Amino acid sequence: MTRNDKEPGSAVSVRGLVKHYGETKALDGVDLEVREGTVMGVLGPNGAGKTTLVRILSTLLAPTAGQATVAGYDVVRQPRQLRRVIGLTGQYASVDEKLPGWENLYLIGRLLDLPRKEARARADELLERFSLTEAARRPVSTYSGGMRRRLDLAASMIGRPAVLYLDEPTTGLDPRTRNEVWDEVKRLVGDGVTVLLTTQYMEEAEQLASELTVVDRGKVIASGGIEQLKAKVGGRTLRIRPADPLQLRPLADTLDAQGITGLAGTVVDTERGAVLVPVLSDEQLTAVVGSVTARGITISSISTELPSLDEVFLSLTGHRAGAPQDAVPAETHEEAVAV
Ligand SMILES: Nc1ncnc2c1ncn2[C@@H]1O[C@H](COP(=O)(O)OP(=O)(O)O)[C@@H](O)[C@H]1O
Ligand SMILES: [Mg+2]
C-alpha cells in the first residue's frame, strides 16, 4: 500500500499533521481517521487548532509537515480532485448578504460548473429541503441567524459532497436555532454524508458525533467513541459542594482513597468550591453519597450533570479549557527552553 492509498472505509485520514505560524504551533502532530458515513467531532476550545485543520483539509492552507487525504486524495498533491468531493460550512457565513438566498445557491452551482438548468433545479431543491423556499427571493441580509446558517448548509451541499466539514456550525446561535441546525445536520448524516464537525460544545458533540477527537493547543489529547470517552472522563459528573470549603480536599481524598469514582478521579474546583466526581453508574453515585455521609461532611449542595467541555478538559489535562499559558508553569518553562 502506498502512502496515497486510503485505508478501506476511511474518508479522512490525517497523519502527523503540523502547521506552524512562526512560534505558534497551531497544529502540532495531529492524527485523525474519519470512517465513511460517520460524524467525527473535533472538540476543543478557542485556539485549539480546529479551523486550521479544516482549512488544510479544504486545501485552503498548506501544512508545514505531515500528510492528509480526503476520499483518497492528497491535500497537497491533488487539491483539485479533493475540492470536488468536499463541502465546507465555516464559522462565518460564506454567502453574499446582498443577494437573495436563491441567487446565492444558483451562483455557487454555476461556479461548480453545473449547467444553468441543473443549477436552478438544485437551488430550488435545497431551499425546499432547508425550509427556505418562502425566503428564496429576499436578500440574505433580512434572514435570521438560523436561516443564514441553514442557507450556509444548503450552499455547502450543492456539489453533493461526500465529505462535509462543519466548522463550529452553531457557535453564536441561540439554543432554539442551534437545535434547528442540529436537526438539519442529522438529516444530512442520514443521507450518508461523512461529516467532520468542529465544536467547542460537549453537548453538540454528543448530539451529532459518534466519535470524538479532543484537541488542545494543536495536539490530540484524547480520542475514541463518545461512550468510551465519556466513561474515561466520567459518564456524569457529580458536583458536591461542602458547606465548609476547608473540607474540599479531605472530601476529594476520601473518595479517591476508596476508589469508588470513575476512572478519571476527583477534581477539586476551588474557584467554585466544589468537588467534581466522575461517576459511571447509579451504584457508584450511591456509593459516593454514602461515603460522604459516613465521613460526616456537611454538604450544602449536590448535583449531577453531563460533563461539560470544561470538565472534560479539566479531567484530561488538569487545566481548564482556554486557561492562560501562565497557569501551566511546566509548559511555559519548556517553551522558554525550546526557543
Ligand atoms: N493566519 C494565522 N496567523 C498566525 N496565527 C494563526 C493564524 N491562524 C490561526 N493562528 C493561531 O493558531 C492557533 C489555532 O487557531 P485556530 O485553528 O483558528 O483555532 P480554533 O479554530 O480551534 O479556535 C491559535 O493560536 C491562532 O491564534
Ligand atoms: Mg475556529
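Biologist: In E4, which residue is the bridge partner of Val18?

Modeller: Strands of a sheet pair through backbone hydrogen bonds, either parallel or antiparallel. Here Val18 has Ala65 in E4 as its bridge partner. Likewise, Val14 is bridged to Ala68 in E4. Strand E1 (residues 10–21) and strand E4 (residues 65–70) pair in the antiparallel sense over five bridges. Two strands count as paired if DSSP finds at least two bridges between them. Strands (E, at least two residues) and helices (H or I, at least four) are DSSP runs, numbered from the N terminus.

Biologist: What kind of model is this?

Modeller: This is a predicted model: local features need pLDDT of at least 70, side-chain atom pairs count only at pLDDT 80 or more, and totals for chains, interfaces and linings use all residues. Residues are numbered from 1 along each chain as its sequence is written, chains are lettered from A and ligands numbered from 1 in the order written, and side-chain values use heavy atoms, without hydrogens and water.

Biologist: In what order do the four strands form the open sheet?

Modeller: The order is E2-E1-E4-E5, with antiparallel pairing. Strand E2 (24–35) and E5 are the edge strands, each pairing on one side only. Helix H1 (residues 50–57) packs on the sheet and touches E1, E2 and E4. Contact means heavy atoms within 4.5 Å. The direction of H1 makes about 120° with that of E1.

Biologist: How many residues lie between E4 and E5 in the hairpin?

Modeller: Two residues lie between them, and Ala71 in the turn has a positive phi of about 50°. E4 pairs with strand E5 (residues 73–74) in the antiparallel sense over two bridges. Thr69 stands opposite Asp74 in E5.

Biologist: At what angle do the axes of H9 and H10 cross?

Modeller: Two packed helices are described by the angle between their axes and the distance between the axes. Axes are lines fitted to C-alpha atoms, for helices over the stretch in contact, and angles run from 0 to 180 degrees between N-to-C directions. The axes of H9 (residues 248–258) and H10 (residues 282–295) come within 10 Å and cross at roughly 125°. That makes H9 oblique to H10. Angles under 35 degrees are roughly parallel, over 145 roughly antiparallel, 65 to 115 roughly perpendicular, and the rest oblique.

Biologist: Which residues of H9 meet H10?

Modeller: Pro250, Leu251, Thr254, Leu255 and Gln258 in H9 meet Val288, Ser291, Val292 and Arg295 in H10.
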